[in-house]
Amino acid sequence: MEKKPERRGVIDTWIDKHRSIYTAATRHAFVVSIRDGSVDLSSFRTWLGQDYLFVRGFVPFVASVLIRAGKESGESSDMEVVLGGMASLNDEIEWFKREASKWDVDFSTVVPQKANQEYNRFLEALMSSEVKYSVMMTAFWAIEAVYQESFAHCLEDGNKTPLELTGACHRWGNDGFKQYCSSVKNIADRCLETASGEALSEAEDVLVRVLEYEVAFWEMSRGGE
C-alpha cells in the first residue's frame, strides 16, 4: 500500500519561508565543527556553562507552558507531552552537572553572557498571560527542535564527532527526543490551524526570533558576543 505523504502544517510552510535562518540555526559552524571533529574544546566548555544557565531559565518557561496546556488546550494529551518534556529537564540538569565535573567547569562561577541574557529575557516575556497559547507552543517547539536537528546532524553517517562529545549529541539527537519534538510540533500546528490572523503573525515572528537567538547562542559559544 502506498504510503501517504506526511501532512504539512503551518510550521513547515514557515520553515520553507525562513529557510536561511533555520539552516543558520540548525547547521551552525559550531555544530558543523563538532560533526567534522574540528571543534575547539574550549568553545564546547563555554557552551556547556552557558547552556546550563539557559536550561535553568528554560524550566520556568516550560512550567508555564504546562499550566497553559492544562487550562487552555482542550486536549488532555497536550499536558502529557509537555509534562514529559518537563520531566526530562531534571535529567538534563543532572547530565550538565556530570559533564561539568568531567570538563572541569564550575557552574557557580559562570556568568551569563549577553546572548544568553537576551534569550532569557525573551523567554520571560513569552510567559506573560497575554501571549497566546499557539504562540507559546510555536516557540517551545522551535527551541527544542533546533537542538534536536543540530545534534542529530552530529550523529549522521560520516560524522567525525569526537568520542567525548557523543554523549552530548545523543542527549538531543536521539530518536526519542525527535519523536517528542514531533509531538510538540503537532500541538503547535493544531493550534495554528484555528488561530486568528494576529496570532499567526505573532507566532511566525516568535519562530524567527527563536532561530535568531539560537544563532546568537552558537556564536557566543564560539567566542562571539
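A residue counts as buried when under 20% of its relative area is accessible, and as exposed when that value is over 50%. The legends below apply these cut-offs to a predicted model.

**View 1. Cys154, a buried loop residue.** Cys154 sits in the loop between H7 and helix H8 (166-173). Its relative accessibility is 0%, so Cys154 counts as buried. Which residues does Cys154 touch, not counting residues up to four places away in sequence? They are Val31, Ile34, Arg35, Asn159, Thr161 and Cys169. Met127 and Cys154 are 27 residues apart along the chain, and 32 Å separates their C-alpha atoms.

**View 2. The whole chain, for orientation.** The chain has 10 helices and zero strands. Its radius of gyration is 17 Å, close to the 17 Å that the globule rule gives for 225 residues, so the chain is as compact as a globular protein of that length. Along the principal axes, the C-alpha atoms fill a box of roughly 50 × 45 × 30 Å. Of the 225 residues, 50% count as buried. Now take the contacts between residues at least 6 apart in sequence. Of these, 87% join residues at least 24 apart.

**View 3. The surface and charges of the chain.** The accessible surface comes to about 11100 Å². Carbon and sulfur atoms account for 49% of that surface. The chain carries 25 positive and 36 negative side chains. How far apart do the centres of the two sets lie? They lie 1 Å apart.

**View 4. Helix H1 and its buried face.** Helix H1 spans residues 10-17. Four names to find here are Ile11, Asp12, Trp14 and Ile15, which are buried. Seen down the axis of H1, the buried residues fall within an arc of 160°, so they line one face of the helix. An α-helix has 3.6 residues a turn, so residues three or four places apart point the same way. What covers the buried residues of H1? The cover includes helix H2 (19-26), helix H7 (133-153), helix H9 (175-193) and helix H10 (197-221).

**View 5. Phe140 and its contacts.** Phe140 belongs to helix H7. With a relative accessibility of 0%, Phe140 counts as buried. Leave aside its neighbours within four places in sequence. Phe140 is then in contact with Phe58, Phe61, Val62, Val65, Val82, Tyr180 and Val184. Glu124 is 16 residues from Phe140 along the chain, and their C-alpha atoms are separated by 13 Å.

**View 6. Cys181 in helix H9.** Cys181 has its place in helix H9. Is Cys181 buried or exposed? At 5% relative accessibility, Cys181 counts as buried. Not counting residues up to four places away in sequence, Cys181 touches Trp141, Glu144, Ala145 and Gln148. For a distance, look to Val110. The C-alpha atoms of Val110 and Cys181 are separated by 29 Å, and the two residues are 71 apart along the chain.

**View 7. Asp104, an exposed loop residue.** Asp104 is found in the loop between helix H5 (76-103) and helix H6 (114-126). Its relative accessibility is 65%, so Asp104 counts as exposed. Check the backbone too. Most residues other than glycine have a negative phi. Asp104 is not a glycine, yet it has a positive phi of about 60°.

How values were computed:
Residues are numbered from 1 along each chain as its sequence is written. This is a predicted model: local features need pLDDT of at least 70, side-chain atom pairs count only at pLDDT 80 or more; totals for chains, interfaces and linings use all residues. Side-chain values use heavy atoms; hydrogens and water are left out. Helices (H or I, at least four residues) and strands (E, at least two) are DSSP runs, numbered from the N terminus. The radius of gyration is taken over C-alpha atoms; the globule rule is 2.2 Å times the number of residues to the power 0.38. Buried means under 20% relative accessible area, exposed over 50%, partly exposed in between (1.4 Å probe, protein chains only). Contact means heavy atoms within 4.5 Å. Accessible areas come from the Shrake-Rupley method with a 1.4 Å probe; for residues, only the protein chains shown count as cover. Lys and Arg count as positive and Asp and Glu as negative; His and the chain ends are not counted. The place of a charge is taken as NZ of Lys, CZ of Arg, CG of Asp or CD of Glu. The arc is that of the directions from the helix axis to the C-beta atoms.
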